[in-house]
Amino acid sequence: MNFPLESFIAVSASNPWTYVVFGLIGFAFGFTLEMSGFGNSRKLAAQFYFTEMTVLKVMFTAIAVAMVLTFGAVALGILDFGQVWVNPTYLASGILGGLIMGVGFIVGGFCPTTSLASASTGKIDGMFFMVGGFVGAFLFGETEKYFTTWYNYAGYYGRMTLDQVFKLPVGVVVLLVVLMALFMFWGAEQLERIFGKRDLSKEPKLRFAGAGALFVLAVGVVLLGSPNLEEKYNRVSITRTYVQEAPEGATEEELKALEPIKVQLSPDQALAQREMQISPAELFATLHDQKLNPVMLDVRPEAAYNLFHIRGARNTQIDELSAISKELIAENTPNRLVIVMSNDEAAATEAWKVLVAESVANVYILEGGVNNWIAFFDEADPNISGVLDNSGNDQLDYVFPAALGDRYECSDPSPMEFEELEYEPKIQLQLKRDKSGGGCG
Amino acid sequence: MTTYTRTKSKKSLSRKGLFSRPAKPYVHPYFGGAVLGIVLFLAFFLTGNGLGSSGATSRIDVAIEDAIAPAHVDKTPYLLKMAGGDKNPLDDWIVPVFFGALIGGFVSGTLHGRVKLETTKGPNISNRMRWLFSFLGGVVFLYGARLARGCTSGQALSGGATLAAGSWAIMLSIFASAYALAYFVRKMWN
């Protein structure tokens with residue numbers, strides 16, 4: 001099975017268990033914070049006077065443990081990192097917000113979640129903080145309009161992780177963060193000894209074993225590395241939904257009871273059943289559908305692309321696709337779909353496999369490729385002549401007088417002329433996580 | 001280990017039950033952190049989402065605004081993203097996490113004998129002043145948390161564990177400004 005579980009990515013009324021799962025996660029969260037002492041503002045504030053470094057110890061232990069386990073599961077191939085919410089980077093608003101939060105922390109003595117643990121255990125100051133929080137969030141909602149452009153664009157880098165920033169393998173970054181955390185724990189204990197007059201010899205010896213275990217796990221993550229493309233591809237499953245056909249003479253109630261059938265297909269099965277190949281007509285309709293956000297990737301050699309391409313298609317080569325898929329995941333919206341095309345289908349199918357393996361959602365292939373598109377829309381354009389060959393060997397079938405790119409009529413057929421096209425719809429948008437769907441947002 | 005809440009166990013007059021047990025010490029920070037890390041990992045592993053709470057504060061606000069002044073919500077794009085059309089602002093994973101955390105904190109406090117109406121503060125500040133600053137701190141913190149798109153849980157903890165670059169910048173900013181200001185408000189805590 002592939003994690004995270006698709007049915008638990010978001011809450012939905014159709015599956016009440018989602019509320020239970022998220023409620024239990026919250027329960028465990030609040031329980032752990034309270035038992036660590038985070039219901040007590042003095043314990044939290046002591047962090048900033050070096051007398052008791054509990055905040056740092058709990059936080060960085062949690063980060064290190066969760067990180068090692070998460071990236072370990074990714075390296076083992078049981079967790080799909082493309083489906084894990086990674087906070088998008090908004091550097092400007094993030095840093096300013098962080099600085100403001102620090103002020104709230106030292107003045108108020110809590111952070112939002114610890115104030116919950118505090119308020120629910122009867123701490124009056126925790127309750128005041130919580131109420132203040134509602135006021136603060138309200139004020140933000142009312143004032144966001146005055147700086148909305150800055151808020152949404154300043155220093156925006158999308159989904160960006162530290163391994164991308166430092167251009168290091170992710171396992172190495174995991175190991176470095178663990179080493180940094182262990183060093184900070186050592187430093188924190190020294191500070192507690194000096195400022196908090198703590199006797200370190202009374203600390204449990206077990207913590208060295210814990211540090212060792214964390215280090216060994218991090219080294220394990222480095223050694224495992226990342227799963228390769230083929231392994232990722234073999235784990236992908238594609239959900240297709242089919243409407244059941246009503247039996248003859250069915251009553252209205254029987255019709256209502258007909259649930260659509262969901263089928264899980266491996267990517268190779270989906271290709272073989274031609275579920276992922278969309279006709280030129282469907283692509284055309286998609287391009288003119290205001291509700292959809294199609295991205296066309298033309299994976300032919302640049303020369304062929306310059307001769308002719310569909311308007312709006314972006315030329316790219318197969319070896320650039322892994323990098324492009326990171327961009328696509330960063331800018332994921334639920335209505336975004338990706339259509340890959342080549343002259344026929346061979347190269348496009350290879351490209352499709354890469355994108356699917358990189359867990360880009362909603363990727364389709366233009367059926368019959370650019371040749372088929374021209375054949376379908378070419379209303380005897382005098383500039384495009386003759387069929388060179390139609391052996392289906394992924395070569396251009398047409399001869400062009402010049403490299404006019406997308407300035408042919410059938411590069412962008414008129415929606416007036418091709419208003420009502422008939423086709424068998426293949427596109428089924430899979431609801432995957434979108435940019436605004438996760439995190440604290 | 002120092003524990004601030006351990007009050008000299010008042011001899012409970014009559015009722016001996018859940019809420020009058022002697023306060024137990026807090027768990028060791030590394031142990032608490034490890035458990036929290038496992039909870040965070042399970043959240044990512046099962047749902048793909050991390051932990052958080054400030055988003056729920058905001059969503060509850062929007063739900064109230066939407067009930068009182070729906071026309072105003074419809075004119076404010078930021079609120080509209082959560083409550084526009086037939087969207088229910090409370091229909092988000094972070095809301096059950098928020099209420100779960102409230103209950104979880106209460107249950108842990110109950111089991112460990114720490115549920116008690118009191119104010120946690122430094123020795124040199126009055127209760128009323130402490131309440132005022134708590135309130136103001138809450139206002140400021142949540143304003144910053146919405147600006148940064150997440151608080152210590154949603155950004156520092158969850159983003160830190162997934163190596164999100166922006167979250168690490170936010171985490172450093174929080175600590176930097178809290179440390180920078182700590183000296184000036186030392187009377188509140190020491």
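Two strands pair if DSSP finds at least two bridges between them. Keep that in mind, because we will count bridges in a moment, starting from that two-bridge rule. One more thing before we start: this is a predicted model.

Let's go to the sheet in chain A. Strand S8, residues 336–341, is joined to S9 by 3 bridges. Those two strands run parallel. Look for A:Ile339, which stands opposite A:Tyr364 in S9(A). How does the chain cross from S8(A) to S9(A)? It goes through helix H17, residues 346–357 of chain A. This β-α-β crossover is right-handed.

Now the other neighbour of S9(A). Strand S5, residues 277–278 of chain A, is joined to S9(A) by 2 bridges. This pair is parallel too. Here A:Ile278 stands opposite A:Leu366.

The open sheet has 5 strands, and their order in chain A is S5-S9-S8-S6-S7. The pairing is parallel. Which strands stand at the edges? S5 and S7 of chain A do. Each has a single partner strand, so one side of each is left without a neighbour in the sheet. A quick reminder on what holds a sheet together: strands pair through backbone hydrogen bonds, either parallel or antiparallel.

Stay on S9(A), residues 363–366. Are its faces covered or open? Both faces are covered. A:Val363 and A:Ile365 are buried on one side. A:Tyr364 and A:Leu366 are buried on the other.

Now a contrast. Strand S4 of chain A covers residues 261–265. S4(A) is hardly covered: of its 5 residues, the count of buried ones is 0. Its pairing with strand S3, residues 238–242 of chain A, is antiparallel, over 5 bridges. To find the pair on screen, look for A:Thr239 opposite A:Gln264.

One loop residue next. A:Asp319 sits in the loop between strand S7, residues 314–315, and helix H16, residues 321–330, of chain A. Is A:Asp319 buried or exposed? Count its C-beta neighbours inside 10 Å: there are 8. The cut-off for exposed is 12 or fewer, so A:Asp319 counts as exposed.

Let's step back to chain A as a whole. Chain A has 18 helices and 11 strands. Its C-alpha trace spans about 90 × 55 × 45 Å along its principal axes. Of its 441 residues, 46% count as buried. Take the contacts in chain A between residues at least 6 apart in sequence: 72% of them join residues at least 24 apart.

Chain B next. Chain B has 9 helices and 0 strands. From the N terminus on, its elements read α-α-α-α-α-α-α-α-α. Of its 190 residues, 56% are buried. For contacts in chain B between residues at least 6 apart, 55% join residues at least 24 apart.

Pick one helix there, H1(B). H1(B) has 19 residues, and 15 of them are buried. We can check its length. At 1.5 Å a residue, H1(B) should span 27 Å, and its end C-alpha atoms are 26 Å apart, which agrees. Just after H1(B) comes B:Gly48, with a positive phi of about 80°.

How do the chains meet? In chain B, 121 residues are in contact with 121 residues of chain A. Several helices of chain B each supply at least two residues to that side, including H1, H5 and H6. By class, the side of chain B that touches chain A has 65 nonpolar, 44 polar and 12 charged residues.

Last topic: the cores. The largest nonpolar core has 124 residues. Which residues touch the most other members? A:Ala64, A:Met67, A:Val68, A:Val174, B:Leu40 and B:Val97. The largest share of this core, 16 residues, comes from helix H3 of chain A, residues 54–76. Zoom in on A:Ala64. Leaving aside neighbours within four places in sequence, A:Ala64 is in contact with A:Val177, A:Val178, A:Ala181, A:Leu214 and B:Gly37. There is also a second, separate core of 44 residues. A:Phe308, A:Ile310, A:Val354 and A:Val360 are among them.

Terms used: Residues numbered from 1 in each chain as written. Chains lettered and ligands numbered in written order. Predicted model: local features only at pLDDT ≥ 70, side-chain atom pairs only at ≥ 80, totals over all residues. Buried ≥ 20, exposed ≤ 12 C-beta atoms within 10 Å, placed from the backbone. Helix = DSSP H or I, 4+ residues; strand = E, 2+ residues; numbered from the N terminus. Contact = placed C-beta atoms within 7 Å. Nonpolar A, V, L, I, M, F, W, Y, C, P; charged D, E, K, R; others polar. Expected span 1.5 Å × (residues − 1). Core = buried A, V, L, I, M, F, W, Y, C linked by C-beta atoms within 7 Å. Right-handed = clockwise from strand over helix to strand, strands pointing away.
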